[in-house]
Amino acid sequence: MIAEIELVQRFVERFQVQPKVFARAPGRVNILGEHVDYNDGVVLPMAIDREIGIVARKIEAEEAHLVALDLNEEVVFHYQSLQEKKDKFGRPLPRWALYPAGVAWVLLQKQLNISGIEAIFSSSIPIGAGLSSSAALEVAFATLWSALGGWQLDPLTLAQECQKAENAYVGVACGLLDQFSSVCGVEGHLLFFDTRSLEWKPLPFFDDCVIVIADSKVERSLTTSEYNRRRETCEEAVRYLQRYLPNLKSLRDISPVEFAAYREFLPAEVQRRAEHVVREIARVYSAMNALRNNDRRAFGALMYASHYSLRDDYEVSHPHLDILVEIAKQTPGCYGARLTGAGFGGCTVNMVAKAEVQSFVEQLDRRYTERTSVKGAVFKVEASRGASWKLI
Ligand code: GLA
């Protein structure tokens, strides 16, 4: 991300006036609990030190004038015509602008004061790589409008409004994992989040381990359609199981042992998808035990198991992600590795011994390029605090 001071400079160059507010929202990496947040499951993410930063000021007109510095693109949209998803000149909004427009749309429906804005933003989160650049964009704009409008929502409600924007406006049937992490992140901590009860708590990670992200740089394709299909298949699994277990509300309600008794009544594909979800939720609880027992190996093994399940049963991996996990597993210092986020490309997350992190990063980076001829990006991340704003 371009530093705040430079954002201010660019704002002044562009709008010939000083901005008033700086708002930021982090991306996230999910350590464990993948594709379970829309099944009432439990997840273990953390907000990361990669974020979206916006500088902005209020204007009288009921419109947003946005500059996406990294893309070198500008858009103006009116608040009265948000429903049409068109800019001020009647052209379809570019994809990135659907996120702030969607947030304005949901917040206006809530009768909140959404002021007109001029804003410039930039991101240090790789775009579309599974690190929640979209959620961070939503949360950063929601935070900005809250600061300018002088109103406040409790953090989980703010996250839910951003999720609504993505579900109903952008058209991705995502769960609450990403928006929650971006809003509620705690410096130096993992987050345990129960997407059913909405209870959550920060947890310290193993003090001698760090989190390393490996970006495969593989473009994700069909992510939205395949993602939405996975969600539908989970709902289908619930309907099949309800024939035998009428009180079942979601895949959260069935344990792996119980599922084993009913799995044969499900069509093959539905069976595999549900198997992943049911076991992944159990893995998160096992990982909590491993954390309590200070058992790094057990925690790491659960990460590998999660990856294989996402690859074989949920079928959301990509050969390049499998290669990253395979190399990581053979590299000294690595306890666990898996794809993170929706999948189909994007990044893996690695749990690595602090003492070996430098050589791990170098080796993974080099060997990935040797195997695939693709230049990835391997970097360490720190757990960061959630979204915030300040006057400038
Ligand atoms: C995307 C979605 C999340 C979650 C993950 C998979 O990041 O936005 O809600 O479903 O995929 O765990």
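How exposed is Lys 85, going by its relative accessible area? I started there, bearing in mind that this is a predicted model. Lys 85 comes out at 30%, so I put it down as partly exposed; the band for that label runs between 20% and 50%. I had picked Lys 85 for its backbone: phi is positive, about 55°, although the residue is not a glycine. I found Lys 85 in the loop between strand S4 (73-78) and helix H2 (95-109).

**Another positive phi**

**H2 on H3**

I checked how H2 packs on helix H3 (residues 133-149): the angle is about 45° and the axes are 9 Å apart. That angle makes H2 oblique to H3. I noted the crossing of H2 past H3 as right-handed. Which residues meet there? From H2 I listed Trp 96, Tyr 99, Pro 100, Val 103, Ala 104 and Leu 107. Facing them from H3 are Ser 134, Leu 137, Glu 138, Phe 141, Ala 142 and Trp 145. Sorted by class, the H2 and H3 contact has 10 nonpolar residues, one polar and one charged.

**H9 on H10**

Next I looked at helix H9 (residues 296-312) against helix H10 (residues 319-330). Here the packing angle is about 155°, with 11 Å between the axes. I therefore wrote H9 down as roughly antiparallel to H10, since the cut-off for that is over 145 degrees. H9 passes H10 in a left-handed crossing. On the H9 side I see Tyr 304, His 307, Tyr 308 and Arg 311, which meet Leu 321, Asp 322, Val 325, Ala 328 and Lys 329 of H10. By class I get five nonpolar, one polar and three charged residues for this contact.

**Tyr 335**

Beyond four places in sequence, Tyr 335 touches Cys 209, Arg 296, Arg 297, Gly 300, Ala 301, Tyr 304, Met 351, Val 352 and Ala 353. I also took its C-alpha distance to Ala 173: 32 Å, for a separation of 162 residues in sequence.

**Gly 116**

Is Gly 116 buried or exposed? Its relative accessibility is 6%, so I count Gly 116 as buried. Gly 116 belongs to strand S5 (residues 116-123). Leaving out neighbours within four places, I found it in contact with Arg 57, Lys 58, Ile 59, Ala 61, Glu 63 and Tyr 79. To Gly 341, 225 residues away along the chain, the C-alpha separation is 33 Å.

**Cores**

Last, the nonpolar cores. The largest has 135 residues, and those with the most contacts inside it are Leu 44, Ile 117, Phe 141, Trp 145 and Phe 299. A second, separate core has 10 residues, including Val 8, Phe 15, Phe 22 and Val 67. I then followed Leu 44: among its contacts beyond four places in sequence are Leu 32, Leu 190, Phe 192, Val 284, Met 288 and Phe 299. Asn 30 is also one of the residues in contact with Leu 44.

Conventions
Residues are numbered from 1 along each chain as its sequence is written. This is a predicted model: local features need pLDDT of at least 70, side-chain atom pairs count only at pLDDT 80 or more; totals for chains, interfaces and linings use all residues. Side-chain values use heavy atoms; hydrogens and water are left out. Helices (H or I, at least four residues) and strands (E, at least two) are DSSP runs, numbered from the N terminus. Buried means under 20% relative accessible area, exposed over 50%, partly exposed in between (1.4 Å probe, protein chains only). Contact means heavy atoms within 4.5 Å. Axes are lines fitted to C-alpha atoms, for helices over the stretch in contact, and angles run from 0 to 180 degrees between N-to-C directions. Angles under 35 degrees count as roughly parallel, over 145 as roughly antiparallel, 65 to 115 as roughly perpendicular and the rest as oblique. A crossing is left-handed if the near helix is turned anticlockwise from the far one by less than a right angle, and right-handed if clockwise. Ala, Val, Leu, Ile, Met, Phe, Trp, Tyr, Cys and Pro count as nonpolar, Asp, Glu, Lys and Arg as charged, and the others, Gly among them, as polar. A nonpolar core is a set of buried Ala, Val, Leu, Ile, Met, Phe, Trp, Tyr and Cys residues joined through side-chain atoms within 4.5 Å.
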